Amino acid sequence: MRVLILGAGGHAQVVADILLRMQENGAPVAPIGYLDDNPTLKGQHFLELPVLGDVVRLVDIPHEAVIVAIGNNTIRQRLFESLRHQGEHFVTAQHPHAIIAPDVNIGIGSTICAGAIVNPGSVIGVNVILNTGSTVDHHNRIGDHVHIAPGTHLGGDVVIGEGALIGIGATVMPGCQIGAWSVIGAAALVHRNLPACVTAAGAPARVIKQHNHEGGVI
Ligand SMILES: CC(C)(COP(=O)(O)OP(=O)(O)OC[C@H]1O[C@@H](n2cnc3c(N)ncnc32)[C@H](O)[C@@H]1OP(=O)(O)O)[C@@H](O)C(=O)NCCC(=O)NCCS
């Protein structure tokens, strides 16, 4: 299955690495290159895969599946929804050194990085990033387009709303719920529920900003 990677930045190269390792391990995926609208990237190679041009070139390049490899949740959501509307098929990138309980359901187009752990009963939405070394304990519900940043730990029964970003090294205590499109600062400790569309930081985490879906401050 030929896979086009949407995006060619740092996160996209992590995704490429995961797909190549899956291929080495016998999975039926063959990454063929990146598409990115940044003109300075065109013609470059990362992990020996070429940047083939702008995202619109998707229609010209034979492929069976895509993955959106852009860190920003809003941009990743928009591109994912637009491609889904166009009938594209999405691959899920799961690093061979991620540990996922057998009953865990992972949505299409999600990326599970090296060292990530997901324990039983958890449900991971579509187009999610579980970044390097993050842990998602039992019976979590991780919404679509969420990014769980590197080294973040979620206790059992945590609920993360659609599009939320849980910053690098944060901890979310068991049973806590974080609303859609909220942003949790690096190294925060979330010890109680947080609403949608807020930025919270610190230990314990306190709301420092409210914003809209686009991330703009109200
Ligand atoms: C919390 C965060 C979103 C705030 O970013 P911002 O909206 O641009 O806010 P600012 O940088 O203007 O900071 C606002 C205040 O919060 C404080 N602050 C920022 N980040 C903080 C953090 N992680 N923990 C504690 N306080 C923080 C700032 O010192 C500042 O305090 P002040 O008003 O007393 O000076 C950001 O700093 C952060 O931690 N992002 C996480 C990034 C991440 O992990 N990405 C994943 C990459 S893989």
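Two aromatic pairs are found in a search of the whole structure, a pair being two rings of Phe, Tyr or Trp (its six-membered ring) whose centres lie within 6.5 Å, classed as stacked for planes under 30 degrees apart, edge-to-face for over 60 and tilted for the rest. The structure is a predicted model, in which local features need pLDDT of at least 70 and side-chain atom pairs count only at pLDDT 80 or more, while totals for chains, interfaces and linings use all residues. Residues are numbered from 1 along each chain as its sequence is written, and side-chain values use heavy atoms, with hydrogens and water left out.

The ring planes of Tyr34 and Phe46 stand at 80 degrees with 5.9 Å between the ring centres, so this pair is edge-to-face. Tyr34 belongs to strand S2 (residues 30–35) and Phe46 to strand S3 (residues 45–46), so that the pair links distant parts of the chain, 12 residues apart. Helices (H or I, at least four residues) and strands (E, at least two) are DSSP runs numbered from the N terminus. Tyr34 is buried, with a relative accessible area of 0%, and Phe46 is buried at 16%; buried means under 20% relative accessible area, exposed over 50% and partly exposed in between (1.4 Å probe, protein chains only).

The aromatic pair of Phe80 and Phe90 is tilted, with 4.3 Å from centre to centre and 35 degrees between the planes. Because Phe80 lies in helix H2 (residues 73–85) and Phe90 in the loop between H2 and strand S6 (93–94), the pair ties together parts 10 residues apart in sequence. Phe80 is buried, with a relative accessible area of 0%, as is Phe90, with 12%.

An open sheet is formed by 3 strands in the order S2-S1-S5, with parallel pairing; two strands pair if DSSP finds at least two bridges between them. S2 and strand S5 (65–68) are the edge strands, each pairing on one side only. On average, neighbouring strands of this sheet are turned by 25 degrees against each other, direction ignored. Axes are lines fitted to C-alpha atoms, for helices over the stretch in contact, and angles run from 0 to 180 degrees between N-to-C directions. Between strand S1 (residues 2–6) and S2, the parallel pairing extends over 5 bridges, and Val3 has Pro31 in S2 as its bridge partner.

Helix H1 (residues 10–24) packs on the sheet and touches S1, S2 and S5, its direction making about 165 degrees with that of S2. Contact means heavy atoms within 4.5 Å. H2 lies across S1 and S5 and runs at about 160 degrees to S5.
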